[in-house]
Amino acid sequence: MTTSRRLADKKTQKFEKNITKRGIVPETTKKESNYPVGPVLLGFFVFVVIGSSLFQIIRTATSGGMAA
């Protein structure tokens with residue numbers, strides 16, 4: 001068997017192996033994140049919400065209770 005014939009046989013075997021794998025790919029190749037927002041943005045949002053509620057509590061306590 002000549003070198004070119006061996007190379008051709010190798011390529012043919014590789015091609016035939018690949019034929020059976022066609023169409024079997026994962027739905028997405030990208031790794032999906034569980035969160036629609038990033039952790040920095042989520043942390044900022046929590047900081048703003050908790051900070052504003054604490055600010056409101058302190059302001060209400062220093063003004064002498066609930067204003068009617």
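How many salt bridges does the structure hold? The structure, a predicted model, holds 1 salt bridge (a side-chain nitrogen of Lys or Arg within 4 Å of a carboxyl oxygen of Asp or Glu). In this predicted model, local features need pLDDT of at least 70 and side-chain atom pairs count only at pLDDT 80 or more, while totals for chains, interfaces and linings use all residues. Residues are numbered from 1 along each chain as its sequence is written, and side-chain values use heavy atoms, with hydrogens and water left out.

The protein contains 2 helices and 0 strands. Helices (H or I, at least four residues) and strands (E, at least two) are DSSP runs, numbered from the N terminus. Of its 68 residues, 0% count as buried (under 20% relative accessible area; exposed is over 50%, partly exposed in between; 1.4 Å probe, protein chains only). The accessible surface is about 7,100 Å². Carbon and sulfur atoms account for 65% of this surface. Areas come from the Shrake-Rupley method with a 1.4 Å probe; for residues, only the protein chains shown count as cover.

The salt bridge joins R5 and D9, with the closest N and O atoms 3.8 Å apart. Both residues lie in helix α1 (residues 3-19). They are 4 residues apart, about one turn of the helix. R5 is partly exposed, at 48% relative accessible area. D9 is also partly exposed, at 24%.

Helix α2 covers residues 39-62. Its 24 residues reach 34 Å from first C-alpha to last, close to the 34 Å expected at 1.5 Å a residue. The expected span is 1.5 Å times one less than the number of residues. Just after α2, G64 takes a positive phi of about 95°. F45 lies in α2 and is exposed, with a relative accessible area of 56%.
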